[in-house]
Amino acid sequence: MHTIIKSLLAGTLAAGFALSAMAQDNGSVVRRRTTDRNAPKQQDGTVVTERMQNFFSEDNSSISDADRQWMRVIYRSIDLDKDKNAPLYFPEEPIDGQENLFRIILRLLADNTIPAYEYLDGREIFTDKYRIKTRDVLERFYIPFTDAKGSTEKNPKFNIDENDVPTNEVLSYYVVERWEYDTRNNRLTPVVEAICPVLHRSGDFGGDALKYPMFWVKFSDLRPYLAAQTIFIDDDNNLPTCTYDDFFTLNLYDGDIYKTRNLKNKSMVQLYPDPDDLQRAQDSIQSTLDNFEKKLWVPTREEVIAAREAREALAAGADSTAVEKAEPKTSRTRASARSTKRSTKDSGSSTRTKVSKPKAPKPSSSSSNATRSVRRRK
C-alpha cells in the first residue's frame with residue numbers, strides 16, 4: 001500500500017516538473033487570471049477593475065457626520081484659459097494614449113459606464129430621478145453619434161467620432177467643493193464632489209460666446225478612470241508624473257468662487273452686484289478657508305514673539321516714513337519764512353526815510369508862573 005502511494009506521489013511530482021520545464025522552454029509562465037474580462041479599458045489599454053472602483057467609491061473616501069465638526073460648500077468656475085488649468089484642456093486630440101478631461105467624460109458616458117445628472121440652476125441632486133440620458137445630452141448639444149454594436153434600450157451605447165467631440169468649445173468647468181474639518185485628522189480637507197463641463201458657443205450672428213452648462217458628473221464615479229490617466233503639469237518636465245485624480249485631489253487648479261451654499265440659494269453676483277464688493281467677498285471667503293486651521297490652535301511662544309517683533313518693526317517703519325515726509329516740508333517752510341523775512345527787511349531798509357519828530361511847543365509865561373514851584377517864592 002505504501003509502495004503504491006509513493007509511486008503516485010512520485011508520478012505527480014514528475015508531471016509537475018515536466019510542465020514547468022515545458023513552460024520555461026516556451027518562454028512563458030502560466031499565471032492565474034486576476035483581471036475582469038468585462039472591466040472597462042482606458043484609451044491606453046489600462047483596465048479599471050471593480051476593486052479600483054470600490055477603492056475610489058464615495059463611501060470609502062467620505063467622512064461620517066460624527067467626525068465632521070465644520071463644513072462649507074464652495075462652487076468654483078475653472079477657466080481653461082489660465083495656464084494653471086491648461087492640463088485639463090491639452091492635448092486637444094488623443095496623443096500616445098493621452099486625452100483631455102472632456103474626452104474621458106464623454107467617452108465614459110457614451111459607453112454607459114458612469115451616470116450623468118441634470119444641471120439644475122441652484123440645485124445639485126444626484127439621484128436616479130434627475131439622472132439624464134446620454135442620447136438627450138448628445139441631441140441637445142448637437143453632437144453627432146451612432147448607436148454602438150450591442151446597444152440595447154436598457155444599456156444604450158454610442159459611437160462618437162473623435163473629430164465630432166467639441167473639445168475646443170468646452171472652455172471651463174464648474175466644480176462643487178466640500179471643505180470639511182474632521183476630528184480624525186484635525187485638518188481642513190477640500191473634497192471635490194461633482195464636475196460640470198461648460199460649453200462656450202457663439203450665436204448665429206457672432207458676438208460674445210454664451211455659456212451652456214451640460215451636466216453634472218460625480219467625482220467619485222470618475223476617480224477610478226482619472227487615476228489611470230497620467231498628465232504632465234509643468235513645461236520644464238515633460239514626464240507625466242501626475243494624474244487627473246491628483247490634479248483635483250491636491251487642488252492644483254485655479255478657480256474663482258461664484259457661489260457658496262446659503263439659505264437664500266443665491267449666487268455671489270446676486271448677493272454682491274458691485275464688482276468691487278464681489279471681489280472683496282471672494283477674497284474674504286478664500287482667506288477664511290486658508291486661515292481656518294491657524295485659528296484652531298494656540299500659537300507657540302516663538303510665534304507670539306515673532307508676531308510682536310513684526311508689528312513693532314512695521315510701526316517703526318511707519319514712524320520713520322512719517323518723519324521723512326514731514327522734514328522736507330518743515331525745512332521748506334523755514335526757508336520760505338527766512339526768505340520772506342529777509343525780503344521784508346530789505347524792502348523796509350530801502351524805503352525807510354528819516355522823519356523828524358515834531359518839537360513840543362514852548363510853554364507860555366502864564367503857564368510857567370502857574371507851574372512854578374512854591375518853594376522859590378519869596
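Which residues of H4 are buried? In this predicted model, the buried residues of H4 are Leu 101, Phe 102, Arg 103, Ile 104, Ile 105, Leu 106, Arg 107, Leu 108, Leu 109 and Ala 110. Because 10 of the 10 residues of this helix (residues 101-110) are buried, H4 is largely enclosed by the rest of the structure. The helix is followed by Asn 112, which has a positive phi, near 60°.

Helix H9 spans residues 275-290 and contains 16 residues. The distance from its first C-alpha to its last is 23 Å, close to the 22 Å expected at 1.5 Å a residue. At the start of H9, the backbone nitrogen of Asp 276 lies within 3.2 Å of a side-chain oxygen of Asp 274. The buried residues in H9 include Leu 278, Ala 281, Gln 282, Ile 285 and Leu 289. These residues cover an arc of only 100° around the axis, so they lie on the same side of H9. Among the elements that cover them are strands S1 (68-79), S6 (170-182), S7 (187-203) and S12 (255-260), together with helix H8 (268-271).

Strand S6 contains Glu 177. Glu 177 counts as buried because its relative accessibility is 1%, and the cut-off for buried is under 20%. Leaving aside residues up to four places away in sequence, Glu 177 touches Arg 72, Val 73, Ile 74, Arg 76, Val 191, Asn 251 and Tyr 253. With two of these residues the side chain of Glu 177 makes polar contacts: with the side chain of Arg 76 at 2.9 Å, and with the side chain of Tyr 253 at 2.3 Å. Glu 177 and Val 192 are 15 residues apart in sequence, while their C-alpha atoms are 4.5 Å apart in space.

Definitions and conventions: Residues are numbered from 1 along each chain as its sequence is written. This is a predicted model: local features need pLDDT of at least 70, side-chain atom pairs count only at pLDDT 80 or more; totals for chains, interfaces and linings use all residues. Side-chain values use heavy atoms; hydrogens and water are left out. Buried means under 20% relative accessible area, exposed over 50%, partly exposed in between (1.4 Å probe, protein chains only). Helices (H or I, at least four residues) and strands (E, at least two) are DSSP runs, numbered from the N terminus. The expected span of a helix is 1.5 Å times one less than its number of residues. The arc is that of the directions from the helix axis to the C-beta atoms. Contact means heavy atoms within 4.5 Å. A polar contact is a pair of N or O atoms within 3.5 Å; within protein, one must be able to donate a hydrogen and the other to accept it, and residues adjacent in sequence count only if both atoms are side-chain atoms.
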